[in-house]
Every structure is written in C-alpha cells, then in structure tokens.
Amino acid sequence: MSEEQRPIAVVSDLSVFVQRQQLGEATSQIQYVSQGHCLIIGEVAQALSAGERFSEHGFTVVQIDPEITRTDKRLTDDGIAVFSVPALSLNGYLGAYRAVVPMAAGEELDLGVSVYRETGLFDVVLDLSSQAVMPVRLAPFGYVHATTAEAIDEAVDSLNDMRGEFEKPRYFNYNESTCAHSRSELDGCNQCIDICTAEAITPSGEGVSVDPFLCQGCGSCATVCPSGAMSYAYPRVSDALERSRKSLRENQANTIILHTEEVQSLVDEAASREGVLSLLVEEVSAFGPDYWLSMLAGAVQHILVVTDSPADDPGRQALDAQLQWVGPLLAELGIDEVPVELLASTALDARLQQLAVSRDPASPLENVKAQSFSTHNEKRQTLRLALDALSEQLRPAEPIVKLPSGAPFGQIHVDTTACTLCMACVSTCPAKALQDGQDTPALRFVEANCLQCGLCESACPESAISLEARYIWDSVAARKVETLHEETPFHCVRCHTPFATQSMIDNMTQKLAGHWMFQNDKAVRRLRLCGDCRVRDMFEEDAAGIDVHNL
Ligand code: SF4
Ligand code: SF4
C-alpha cells in the first residue's frame, strides 16, 4: 500500500491495529481512487450551502423536479454547475458514480460527462432529497443520504475526507461450478442475492456475480449459501477455526465470544474471565453453522455472538435462519438449549456471569472430547465432519432428523407413477446429487450431496419431484447411491437396441394420439423405433414413393 492509500475503515488506535492482525491477510485488495468531485442532489439553495465545504475539490448541484419537462444547466457566479432535471438515475461507488438523466427517444444526458470530461464520473454523492435516489439499505462507499442538519454536517465531513486512494479487502471467494443459482434457464437458489443489503450480487448466467466495489463484507451471503460456492475470505472460516482451536489448546476455554472491532473494549473486559476466549472478526454474520458446529466439536460449550444489529437486520436474520435448522440437529443429540446465542454487547457481561454460576455438569456438551479435522475450507465437508464428530460422542436418538424447510440437507421424493426417467432433473442438478443409471434407465440419488435447491423440482415436466429437508447422521448411508426409480429398457422394435423406457414410449404415444401426423399405424410404429431406425424407415418409405413430409 502506498503512503497515499488508506484503508476504507481508518484505524487510528495502534492497539486496535494490532488486534486487526488477527483478521489475517485478505486474498486481494480492492482499490478506489477519488479526486473528491462531489455531486450534491437536492434543493439548489440548500445544496449550494452544503457544497461550500467541497469548493476545494469542486462540486456540482442537481435538483430533481418531476414537474419540469426539460433539463436545464446553468453556472453560478462561482462557476458551480447547477442542473434542474425531471428525473435522475444514479449508480456506482466511491470514485465512479454515474448520474444520468433519461431523455426522449431513449437518449440520456450524462451529468458527469458534461462536467468532468476527462473522467465523466463523480467521486462522491451527497443526497439531500427526502427520498434517497439510491434506496439501497447498505449504500456504496462515497454515497450518503442525509436529511437533518446534523446528518448533513456529518456527511459533509466524511465525504470531504474521501479524496485519494483507498483500499479494502476483497471479502469473498466465489466458485461458480458449485453454485446452484440456475440451470437450463430455471431459477434455483437466490439466497445470497436476497440477503445482500448492498445489492452487490446479481444473477449472471447459471451463477451469480459479485461486484467487489459494492460488497461491504458483511458475509451473510457465505452464511446462507447452501453449497459453499460463496465463501468468506477475510478470514476464511478454515483459518478462523485454526486460530480458535490454537487458542483453545493454549487456554482451556469452554466459551468463545465472536465479536467485531466496535465492541473490542467491552469484550476485552469480559474475556478476561477464566475459560473465556474471544475471536475478533470483521463481521459476525460471516460465521455460521460450519464455524459453530466445528467449535462445539472442539469442546466449546457456549458460543456468544455479539451483535447490536436490530432483529430485522439481514445479517442477523441470516444467522437466525441457520439457527432454525441447527437447533433440531443439536436437540437430537440431547442438547436442548442451543449453545449459540446472539447477544447485544451490553448483555454480554451479565450472560457470562450467569454462565459461570449455572454450569450444568449433566449437559451433553460437558462430555465432548475435543476433535479437530482438516476442512480445506469446504463448507459442506466441514459441516459433515463436525456433525460426525459430535454424533460419534453424543449418540443421536434417531438415525434421521427432520429439519425445517430451507435447511441445506435433505432428500427428494419421486412419484414413480409419474416419472418417465426423462433425466431433466439429472441435467439440472448442480450438486451431482441426482445421477443417471448409465447403461440402464434409472434415477439415482446421493443424499449427502443434495442442497435442497429445488432445481430438480422445477425441471421435472411431470411434477413428480418433491423435497424433504432432513439429515442422516450416518455419513456412509448419506453418501450411498440410492435408486429412486428404475425401469426395464424399451428396445427398438426394429433393431432391438435399448433406447428408452416403456413409460416414455407410452407417454409419448398417449400425448400424440390426437395429432394429425400420428393417425396411421406406420407413424405410430415409428415412435417405437430408435433414432437411427426412424430415419432409415422414413427414407425407405421415401424411396418407395411416399411423401415422408406428410407423415
Ligand atoms: S448456491 Fe450460494 S452462491 Fe449460488 S446462488 Fe445460492 S447462495 Fe448464491
Ligand atoms: S437433487 Fe434437486 S434439490 Fe437436491 S441438489 Fe439436486 S437439483 Fe437441488
């Protein structure tokens, strides 16, 4: 990092900086370059007054008035460009905001180009309108919507400081090959797109695309991702696990506090208690069931996740949603009270005091012997290994536990009376949970691979598939290839090569029974021929003087 480059979250206190080293190295850095050119959206007099403090770097004012029909531009005596526009569309991020006015006949006026010919972009945006022009819950760096005098003052201060080069970590890794977003133009998993408050994730072909400039690293996408295609990189879960395990070996703790920098001083005090460890992370919402369950398998008995986010915060909701299916799994192991708690920072101390005096020697977690395993940062493998480690010690009551819909494990049901073994589901399954029978017409299934993404259900033309979320404790049984439906092959009536199933032929014959092309025996018989014989048959008839195109 050059002297001019600054981290996006400026770290001023050296002790905090030392703590930040715990977060580990980011996979790569994202760089923003800003000259401080500001666009102020709002009523002209108010915007010009707020802009006085930007005069050093230059600013532009735009007032949106839906009543006017044409865009107007004028210069103030100080040379400030002031636009009046009927509508405005804004997108971008620090150093690269594009503001355009839609015009007649699909034309548009690019305000940045009209003011800064060399870049055509604004670096920061101060939005004073009553309704935010960029109504994103987590706005990109360099955009502030402010409506009160105090908020405007604060916004001017922070935006004024955003000039120069800035860096932040690239927070995520994404592996499209395991993503279950879409196949064959069918909609599958949208969990990361739905949870991202920065609107940084968008569909892209069969997968998704993350704009690293918009991503602010909350990590909820990685927590909700059922396949592990999206993973957190700052730090990776496997690195956080290694660090936590090392501390556990050195400190004999049974309680771990997961927290961010904002509550560092509160946690420092609380974590000075015996048996308590803390782990500083960039965002607690990035660490979900794979981390929690591995820690429980490492003989941790309480995981306190410190979050002051409100209940409707998507990051918090991502964690709550995971607890919905982790709870029933742990209950099956005799752990009735989920040992993962989301706590407000002010409640931390009292909760630790309570835990210190209410230790339950009969708790199943008291008997867990620490197990560690190497995970290679594979989410599903980590989950499976952690649950194996726990279930080997705390025998589950039943071999299979039912989970709420939305859990990332489960089976599919196939209505064998409706299934024609067309294999549409096999070709859409992103996880190789569904497989064909190779030489025989059969539908096979490996439950351990199933993400419950629902793509097979959407792909099935006979509506023969339904999903059931559940977990099989026995890993060998879960990885077994099971046959869901099988038929004897149908042989070509001419060359006797197997090419379909009886139900496929019956189905096709029934569907085409009313079609004008299949009103004679020869045409119907052709449905029972393999592809090669069908072509041969048509040419033979053609050669015999029959018009094949009318068959
Ligand atoms: S599988 Fe993961 S990365 Fe793919 S859409 Fe779902 S949550 Fe996003
Ligand atoms: S079997 Fe169906 S629900 Fe399971 S991963 Fe494959 S397509 Fe998704």
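**Ligands, a sheet and a pocket**

Student: Which residues come nearest to ligand 2?

Tutor: Keep in mind from the start that this is a predicted model. Around ligand 2 there are 13 residues, and this shell divides into 11 nonpolar, two polar and no charged residues. Those that come nearest to ligand 2 are Cys429, Cys450, Leu451, Cys453 and Cys456.

Student: In the open sheet of three strands, what is the strand order, and why is one side of β23 and of β24 left without a neighbour?

Tutor: The pairing in this open sheet is antiparallel, and the order is β23-β27-β24. Because β23 (400-402) and β24 (410-414) stand at the edges, each has a single partner strand, and so one side of each is left without a neighbour in the sheet. From one strand to the next, the twist averages 45 degrees. The reason you asked for is therefore the place of β23 and β24 at the edges, each with a single partner strand.

Student: Which residue in β27 is the bridge partner of Gly410?

Tutor: Start from the two strands, β24 and β27 (residues 465-472), which run antiparallel and are joined by five bridges. The bridge partner of Gly410 in β27 is Ala469.

Student: Which helix gives the largest share of the lining of the second largest pocket?

Tutor: The second largest pocket has a volume of about 960 Å³, and 38 residues line it, with Asn254, Thr255, Gln301, His302 and Glu366 lying nearest its centre. By class, this lining has 15 nonpolar, 12 polar and 11 charged residues. Two helices, α7 (237-251) and α11 (348-357), each supply at least two residues of the lining. The largest share, four residues, comes from α11.

Student: What radius of gyration does the chain have?

Tutor: The chain has 18 helices and 30 strands, and its C-alpha atoms fill a box of roughly 90 × 75 × 40 Å along the principal axes. A compact globule of 551 residues would have a radius of gyration near 24 Å, but for this chain the value is 30 Å.

Definitions and conventions
Residues are numbered from 1 along each chain as its sequence is written. Chains are lettered from A and ligands numbered from 1 in the order in which they are written. This is a predicted model: local features need pLDDT of at least 70, side-chain atom pairs count only at pLDDT 80 or more; totals for chains, interfaces and linings use all residues. Side-chain values use heavy atoms; hydrogens and water are left out. A residue is near a molecule or strand if one of its heavy atoms lies within 4 Å of it. Ala, Val, Leu, Ile, Met, Phe, Trp, Tyr, Cys and Pro count as nonpolar, Asp, Glu, Lys and Arg as charged, and the others, Gly among them, as polar. Two strands pair if DSSP finds at least two bridges between them. Axes are lines fitted to C-alpha atoms, for helices over the stretch in contact, and angles run from 0 to 180 degrees between N-to-C directions. On a 1 Å grid over the protein atoms alone, a cavity is a set of points where a 1.4 Å probe fits but cannot get out, and a pocket is an open set with protein on both sides within 12 Å along at least five of seven lines; lining residues have an atom within 4 Å of a point. Grid points are joined across faces, edges and corners, and a volume is the space filled by probe spheres set on the points. The radius of gyration is taken over C-alpha atoms; the globule rule is 2.2 Å times the number of residues to the power 0.38.
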